[in-house]
Amino acid sequence: MLPQVLFQNRKPRRIATMEEYCGSGGYRVLEDIARGKYSPADICRIVGEAGLRGRGGAGFPAATKWMSVPVDGAYPRYLAANADEMEPGTFKDRMLIHVDPHTLIEGMIIAGYAISASKAFFFIRPSYDSSAMILERELERARQAGYLGDNILGSDYSFDIILHRSGGRYICGEATALLNALMGKRPNPMKPPPYPTVKGLWNRPTVVNNVETLANLPHILRNGPEWYKGLARTKTGAGTKLFCISGKVNRPGCVELPIGTPLREIIEEHAGGMRAGSEFKACLPGGASTRYLTKDLLDVEMDFDSLSAVGHRLGTAAITVFDQKTCLVGVTLNLLQFFARESCGWCTPCREGLPYIRDLLWRIENGEGREEYIPMLRQMSRDVWNAYCALAPGAASPVESLLTFFEDEVREHIRLKKCPFSRPR
Amino acid sequence: MIPEALKRELLERTARAEHPREMAVDVMYALQGYYGYMSDEAMEEAAEIVGMTPLELEELATFYDFIYRRPVGRYVIRVCDSAVCWMEGYQSVVDHLTSRLGIGLGDTTADGLFSLIPVCCIGYCDRAPAMLINRKVYGELTPEKIDRILQKLATGKPAAGEE
């Protein structure tokens, strides 16, 4: 049996109730906190020992981020839960909320306690309105039960969670832009330093964590760091991971697996294998901002370090699978259409560079390509690294890897003066 | 003008916020829910509630995808056009919708019932191709399924044979 941690209360077609979450050991950690079992420093130490890395895409160690809040930092302090999940191919945060919302709520309270925050903001994209409504209802239940609000469970710790819906733009998922969005400003990214943990919302220390990261906390505290590390299939990894599988497989969906599960096993055993008539050509292993990963790496262990050792990124662990009948120039053009449209426009390399790349790809895909576009695309993919935030280099990843691994396919388009594949209908 | 009760509720929520601007998008959503879109009048009312100038609020209204500064239909159909849906039949979904509704992308039907716009990945890649109508998501779309959805919305009644 596969260990199910975040999805242990998963029910067919319904949401786990607060009572069911409590029945599985939920809110026990919060009770321990209220009884004084853990200091904020204890929580940071235990989560640090467990090796929990951020699940939003960057993989930064969670406890290290928390501990970068200065000891003498100002109050009030804030926590922001990032559920502005807009990376194409990714839907794990939505699944998490629809499976067991209270593991996330308890996780937020624990993180808030670890950084001595008094308030948290739950920031969610507008297309997840059903998830937002579930959370609003369950937050109220948690409040009624005394898990949120003033003097939680009779302790002297007070903490509440406020939900805000995003107005809807990809940039809002970038941590510093998210803070601007929450403050009602145009969500431009901001270049640290100062880091949000020093000067975040209204210049107060603020920690931004992905919701999957937060949902892990109750389980780490309940079962200990050794248990958590033992869940992983890699030596350096820790915990389980929510993998979203989409594209040309038989059973697209979101599964919780030990981090480090080999890619081949995920596709063949947990996504029902490739569809009849489809052969694996490539996949995006961690969302639209990662590089195409080819057949020769199918046995790679899906973990942060093992992927970076072979030049790839785990990203959001959203695996989109392409088959031999799919035109990767067409896919890349689609991805760049997304990135160009979603560019916030704040800095020139991204605002001007991405549409330029998109237009060159459009010409190649539509039979107007020229050989000289290939070095131009390579140059542009490097140039967007001068952008202000990390989203533009992310956008360049599929372009750069298309030219690295599928240059022949690009040249074929140029030589034939048309796309050699049939368009998806 | 929005109803007094709604205004009072929004002012109360704004007073509880860390800073009035924190409520800027929430207040726009509330007014948009009432008016259908953010008219100039709605922008002025919203700006007053959150203590911003209409121009400051405009900077947000025109930035965000889910705030409408022009009238839209009662049902806003947003078809996902990102990579997975694109591979799984986005084009047939759009072709079917445009022919059924008799409008192009970005347009609204003459009866003011439906608007049709493309949207970037809505996070339902496991149920591609997918679309969002107002707050509700519909996945695994086929022409028949789209017809049933449209009929239900247009008449307020489900099609024959459907619950």
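This is a predicted model: local features need pLDDT of at least 70, side-chain atom pairs count only at pLDDT 80 or more; totals for chains, interfaces and linings use all residues.
A residue counts as buried if 20 or more other C-beta atoms lie within 10 Å of its own, as exposed if 12 or fewer do, and as partly exposed in between, with C-beta atoms placed from the backbone. With 11 C-beta neighbours inside 10 Å, Val310(A) therefore counts as exposed. Val310(A) sits in the loop between helix 12 (304–309) and strand 9 (318–323) of chain A; here helices (H or I, at least four residues) and strands (E, at least two) are DSSP runs, numbered from the N terminus. Leaving aside residues up to four places away in sequence, Val310(A) touches Leu297(A) and Val300(A), where contact means that two C-beta atoms, placed from the backbone, lie within 7 Å. The C-alpha atom of Val310(A) is separated by 26 Å from that of Glu49(A), 261 residues apart along the chain.

Residues are numbered from 1 along each chain as its sequence is written, and chains are lettered from A and ligands numbered from 1 in the order in which they are written.

**The sheets of chain A**

Chain A has an open sheet of four strands in the order 3-2-1-4, with parallel pairing; two strands pair if DSSP finds at least two bridges between them. Its edge strands are strand 3 (160–165) and strand 4 (206–210) of chain A, each pairing on one side only. On average, and ignoring direction, neighbouring strands of this sheet are turned by 20 degrees against each other. Strand 2 (residues 119–124) of chain A runs parallel to strand 3 of chain A, and six bridges join them. Phe123(A) stands opposite His164(A) in strand 3 of chain A. Helix 8 (residues 175–182) of chain A lies across strand 1 (78–83), strand 2, strand 3 and strand 4 of chain A, at about 110 degrees to strand 1 of chain A.

There is also an open sheet of five strands in chain A, in the order 6-5-9-7-8 and with mixed pairing. Strand 6 and strand 8 (293–294) of chain A are at the edges with a single partner strand each, so one side of each is left without a neighbour in the sheet. Strand 5 of chain A is joined to strand 6 of chain A by six bridges, and the two run antiparallel. Ile245(A) stands opposite Gly253(A) in strand 6 of chain A. Helix 5 of chain A packs on this sheet, touching strand 5 and strand 6 of chain A, and its direction makes about 120 degrees with that of strand 5 of chain A.

**Helix pairs**

The table sets out two helix pairs. Axes are lines fitted to C-alpha atoms, for helices over the stretch in contact, and angles run from 0 to 180 degrees between N-to-C directions.

| Helix pair | Axes | Angle |
|---|---|---|
| Helix 5 (residues 92–99) and helix 9 (residues 211–223) of chain A | 9 Å apart | about 40 degrees |
| Helix 3 (residues 40–50) and helix 4 (residues 54–61) of chain B | within 9 Å | roughly 110 degrees |

Angles under 35 degrees count as roughly parallel, over 145 as roughly antiparallel, 65 to 115 as roughly perpendicular and the rest as oblique. Helix 3 of chain B and helix 4 of chain B are therefore roughly perpendicular to each other. In their contact, Met43(B), Glu44(B), Ala46(B) and Ala47(B) of helix 3 of chain B meet Pro54(B), Leu57(B), Glu58(B) and Ala61(B) of helix 4 of chain B. These residues divide into six nonpolar, no polar and two charged; Ala, Val, Leu, Ile, Met, Phe, Trp, Tyr, Cys and Pro count as nonpolar, Asp, Glu, Lys and Arg as charged, and the others, Gly among them, as polar.

Buried residues of helix 3 of chain B include Ala42(B), Met43(B) and Ile49(B). The buried residues of this helix pack against helix 1 (4–16), helix 2 (24–35) and helix 4 of chain B. Gly51(B), with a positive phi near 65 degrees, follows helix 3 of chain B.

**Where the chains meet**

The contact takes 39 residues from chain A and 34 residues from chain B. Helix 13 of chain A gives the most to the side of chain A that touches chain B, with six residues. That side divides into 17 nonpolar, 13 polar and nine charged residues.
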